[in-house]
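Here is a short briefing on a protein model and its ligand.

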Amino acid sequence: MAQRMITLLAAAAVVMGGAATSAAHAGTTAGGRLTAAGAETTLGQLAAERGRYFGSATDNPELSDAPYVAILTSEFGEITPGNSMKWYATEPSPGVFTFAAADTIVSLARQHHQIVRGHNLVWHNQLPAWLTAGTFTPAQLRQILRRHIITEVSHFRGKVYSWDVVNEPLNEDGTFRQTMWYNALGSSYIADALRWAHEADPHARLYINDYNIDGLGAKSDGMYSLVKSLKRQHVPIDGVGMQGHLILGQVPTTIEPNMQRFVRLGVDVAVTELDIRMNLPRDAAKDAQQAADYTSVVSACLAVRRCVGITVWDYTDKYSWIPGVFAGQGAATPYDESLQKKPAYFAVASVLAAHSR
Ligand code: XIL
C-alpha cells in the first residue's frame, strides 16, 4: 500500500502539482456516495480514496460534444488519448511531428487535474504509410524507432504519468508477434524502446500493454517471461497494462492471481482499456451480468497492492470502438449512448466505495 501510494502520488505530483492529493481528500462521508457539498462522489474520487485512479479514453472528435466533455472532465481522474498519440497521428511524414491533437487532450486533462496515460509508442497498427510501405535496413529502422520515441516522449515530458511504450507484442500462444519491428530487430526492440523512453522522461512510468493477458494463460505466461527477463537485465519497465477488452459473462476468474504474479516481479499493473461487450441488443439481464462482470474486474484490481488504476476504453456506448470492429456487439461501457449511467456504472461505484482498505 505504502509503495503504491508513494508511486502514484509522486507521479501525480510531478504531472499536476499535487492535485491527486486534494482529490484523495475530497472524499465521501463514511459509506455514502455524497460529498460534504452534497454532490455525488465520482468514480475518480472513489478510486483516489483507494489509492488508485479511474479513467477513460477519449478522442479528439468527441471533444466538440459538450455534455460528453462535462462528464469526461468531472467523473474521471485519468485520461488516455484513444488515437492521437499513435504513430500515424504524431509522425505522419518521416521526421515531421504533429502533436496538436494530443496536446489538446493533455491540456484538457491538466486543466481538470487529471493524469494522462500515453498510448502508444511502438505498435504494429495505425502506422503511417511511409513506414509500412518503406524499405529500410534494420539499422535504419532502429534509428527511426529511436527518433520517434525520443521525440514524442520528450514532447510530453513531465505531462504524462505513464506510457504504453510497447503495445501488443505477443501472439495468443505467448510467442513474439511477427511485426515489422520484431522481424527487423528481433525482441531487442522492446528493451531498446523502454530505454529510449526512460532517457527522454525518467519520471514516466513505462508499460508494456496487451490484450488477453488479463487472466492466467499462455499469452499471459509469455508476458510474464518477457517482463521477468527485462527486469533481470535492469531494463526500465515499470508496469504491465492489461487491456481488458472482455466479453460478457466471460471475464477470466484468475485476474487477481495473474496480477499478483506480475507484482511479485516488481512492476505495477493497470487495467488500461476496459470494456465488456455483449451481443446487441442490450436487455436487463445482460446489463445485470455486465454489472457483475465490471465488479469482478474492479474487485481484482482493488485486491492487488500495485494495481494502480483502471481505464475504460471510452466511458460511453456513444463513442465505444466496439460496434465498429465487432459486428453485432457493443454496449460495452458504463454509460449508454445518451450518456446515462448503466448498471455497470453503479456496480463500479459501489465496489470502489465498499472495498475496505
Ligand atoms: C482503437 C481505437 O479506439 C479506435 O478508434 C481505432 O480506430 C482503432 O484503435 N487496443 C489498443 C487501442 O491498444 O489502441 C485500440 O484503440 C483498441 C485495441
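The points below cover the ligand site, then the disulfide.

This is a predicted model, where local features need pLDDT of at least 70, side-chain atom pairs count only at pLDDT 80 or more, and totals for chains, interfaces and linings use all residues. Residues are numbered from 1 along each chain as its sequence is written, and side-chain values use heavy atoms, with hydrogens and water left out.

**Ligand site**
- Residues around the ligand (a heavy atom within 4 Å) include His119, Trp123, Glu168, His245 and Glu273.
- By class, this shell has three nonpolar, six polar and three charged residues.

**Polar contacts (N or O pairs within 3.5 Å)**
- Lysine 86 places a polar side-chain atom 2.7 Å from a ligand oxygen.
- For asparagine 167, a side-chain N or O atom is 2.9 Å from an oxygen atom of the ligand.
- Tryptophan 313 has a polar side-chain atom 2.9 Å from a ligand oxygen.
- Alone, the ligand exposes 420 Å², and the protein buries 76% of that (Shrake-Rupley method, 1.4 Å probe).

**Disulfide**
- The structure holds one disulfide (cysteine sulfur atoms within 2.5 Å).
- Cysteine 301 pairs with cysteine 307, with the sulfur atoms 2.1 Å apart.
- The S-S torsion of cysteine 301 and cysteine 307 is about -100 degrees, so the disulfide is left-handed.
- Cysteine 301 is buried at 1% relative accessibility (buried means under 20%, 1.4 Å probe, protein chains only).
- Cysteine 307 is buried at 0%.

How values were computed. A polar contact is a pair of N or O atoms within 3.5 Å; within protein, one must be able to donate a hydrogen and the other to accept it, and residues adjacent in sequence count only if both atoms are side-chain atoms. Ala, Val, Leu, Ile, Met, Phe, Trp, Tyr, Cys and Pro count as nonpolar, Asp, Glu, Lys and Arg as charged, and the others, Gly among them, as polar. Buried means under 20% relative accessible area, exposed over 50%, partly exposed in between (1.4 Å probe, protein chains only).
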